[in-house]
Every structure is written in structure tokens, then in C-alpha cells.
Amino acid sequence: MVSNSSETVNKTSVFDVADCFLCLESMNPLKLQKLCYYAYAWWLANYDEKLFEEEFQAWVHGPVCYELYDKYRCYGVNGFGNIPNNEECSIDEDLLEYIKDVFRVYGKYSGNQLERLTHSEQPWIQARGSLKQWESSQNIISDKSIIEYYRSQIK
């Protein structure tokens, strides 16, 4: 079971979570974004606290954390180049187990498949509002909509 330690989470950034996913598999930025989003969303829904402080915006290709996008943009705007595996993950062992659980569920999907999945979910849809599918957006996906949607999915 993953500990619900505020101390561990408060020290965690989206980059720490991304590094752990990259320890598990080399992947394109699109897939990395979606995995980090799902890690954030499920943590928030289950524990009622943020996994990290960075936020996700409702971009055309699904939820995107701008800071993470900025770091890995050199691998392709649409995520066609793979980011190499990391050597080590610098987070608490319990949190690493949580990341591995998220990866067991979502890691089998491609970035494009994960994009389509997020497009079918209420938090992204609500944040996009009346925007056309191709219109750019920096609208924040609210924690409230994430909590409401993902809690409703817990069986």
C-alpha cells in the first residue's frame, strides 16, 4: 500500500514522477505527459491531496503539464522522438510502487491511445469548454473536476 505522507508528496515534482516512468521505459513525450497526468489524477482522487504542485492544461493533444512539455520539447512537439531511459529514480519507495501501479495499468498504451482516452474523460472535456478540437488552450484542468470524475470511476 502506498503511504499517504504529505512530507513525501510535498517534496515531489512532476519531474520526479516523470523520471520514475522513464526508469521503467523509454517513451515519447506524449505518453510521458499522459502517464504523469494519470499518476496525478488518481493520487488526487484517492488521497485528496496533490501528488505534485505543477498543473495540467487542456491542450489539443490532451492534458499537458507545461513545465514537463518545456523540458522535453526537443524530442518533438507531437511526441515522436523517444526520451531515453533514466538510470535512477529519486523518490520514496512507496511512491515508486504507486508509479509502478499506474504504469501497470496505463503503460501498455501508446501516447496516441492515452490521448484518445483522456479526450473521452470529463476533466479534459470540461476544461476545453466550447473550444473546437483543434483550437489551442491553456485552460487549467481543475482539481475539483479531476476528483469528481476519477472518484466516480473507483469501484
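Contact here means heavy atoms within 4.5 Å. The legends below describe close-up views of a predicted model.

**View 1. Ser137 in the loop between H7 and H8.** Ser137 is placed in the loop that joins H7 to H8. Apart from neighbours within four places in sequence, Ser137 is in contact with Gln57, Ala58, Trp59, Arg128 and Leu131. Its relative accessible area is 8%, so Ser137 is buried, the limit being under 20%. The side chain of Ser137 also reaches the backbone nitrogen of Asn139, at 2.9 Å.

**View 2. Trp59 in strand E1.** Trp59 is part of strand E1, and its side chain reaches the backbone oxygen of Ser137 at 3.4 Å. With neighbours within four places in sequence left aside, the residues in contact with Trp59 are Val64, Tyr66, Tyr69, Trp124, Arg128 and Ser137. Trp59 and Gln133 are separated by 74 residues in sequence, while their C-alpha atoms lie 9.3 Å apart in space.

**View 3. The largest nonpolar core.** This core holds 44 residues, and those that touch the most other members are Phe21, Leu32, Cys36, Leu51, Tyr98 and Tyr150. Two or more residues come from each of helix H2 (14–24), helix H3 (29–47), helix H4 (66–72), helix H5 (93–106), helix H7 (122–128) and helix H8 (143–153). The most is given by H3, with 13 residues.

**View 4. The surroundings of Tyr150.** Tyr150 is among the core residues that touch the most other members. When residues up to four places away in sequence are not counted, Tyr150 touches Tyr37, Tyr38, Ala41, Trp42, Ala45, Glu121 and Pro123.

**View 5. The packing of H3 and H5.** Two packed helices are described by the angle between their axes and by the distance between those axes. For H3 and H5 the angle is about 115° and the axes are 10 Å apart. The crossing of these two helices is right-handed. On the side of H3 the contact is made by Leu35, Tyr38, Ala39, Trp42 and Trp43, and on the side of H5 by Leu95, Tyr98, Ile99, Val102, Phe103 and Tyr106. By class, the contact of H3 with H5 consists of 11 nonpolar residues, with no polar and no charged ones.

**View 6. The packing of H2 and H3.** H2 and H3 pack with their axes 10 Å apart, at an angle of about 115°. H2 passes H3 in a right-handed crossing. From H2, the residues Val14, Val17, Ala18, Phe21 and Leu22 meet Leu32, Leu35, Cys36 and Ala39 of H3. The contact of H2 with H3 has nine nonpolar residues and no polar or charged ones.

**View 7. The buried residues of H2.** Helix H2 is mostly covered, with eight of its 11 residues buried. These buried residues are Val14, Asp16, Val17, Ala18, Asp19, Cys20, Phe21 and Leu22. They pack against H3, H4 and H5.

**View 8. Cys65 between strand E2 and H4.** Cys65 is found in the loop between strand E2 (62–64) and H4. It has a relative accessible area of 0% and is therefore buried. Cys65 and Tyr37 lie 28 residues apart in sequence, and the distance between their C-alpha atoms is 8.0 Å.

**View 9. Gln33 in helix H3.** Gln33 has its place in helix H3. Because its relative accessibility is 5%, Gln33 counts as buried. Leaving aside neighbours within four places in sequence, Gln33 is in contact with Phe56, Pro63, Val64, Cys65, Leu68 and Tyr69.

**View 10. Asp48 in the loop between H3 and strand E1.** Asp48 lies in the loop between H3 and strand E1 (57–59). Most residues other than glycine have a negative phi. Asp48, although not a glycine, has a positive phi of about 60°. Its relative accessibility is 52%, and Asp48 therefore counts as exposed, the limit being over 50%.

Methods:
Residues are numbered from 1 along each chain as its sequence is written. This is a predicted model: local features need pLDDT of at least 70, side-chain atom pairs count only at pLDDT 80 or more; totals for chains, interfaces and linings use all residues. Side-chain values use heavy atoms; hydrogens and water are left out. A nonpolar core is a set of buried Ala, Val, Leu, Ile, Met, Phe, Trp, Tyr and Cys residues joined through side-chain atoms within 4.5 Å. Buried means under 20% relative accessible area, exposed over 50%, partly exposed in between (1.4 Å probe, protein chains only). Helices (H or I, at least four residues) and strands (E, at least two) are DSSP runs, numbered from the N terminus. Axes are lines fitted to C-alpha atoms, for helices over the stretch in contact, and angles run from 0 to 180 degrees between N-to-C directions. A crossing is left-handed if the near helix is turned anticlockwise from the far one by less than a right angle, and right-handed if clockwise. Ala, Val, Leu, Ile, Met, Phe, Trp, Tyr, Cys and Pro count as nonpolar, Asp, Glu, Lys and Arg as charged, and the others, Gly among them, as polar. A polar contact is a pair of N or O atoms within 3.5 Å; within protein, one must be able to donate a hydrogen and the other to accept it, and residues adjacent in sequence count only if both atoms are side-chain atoms.
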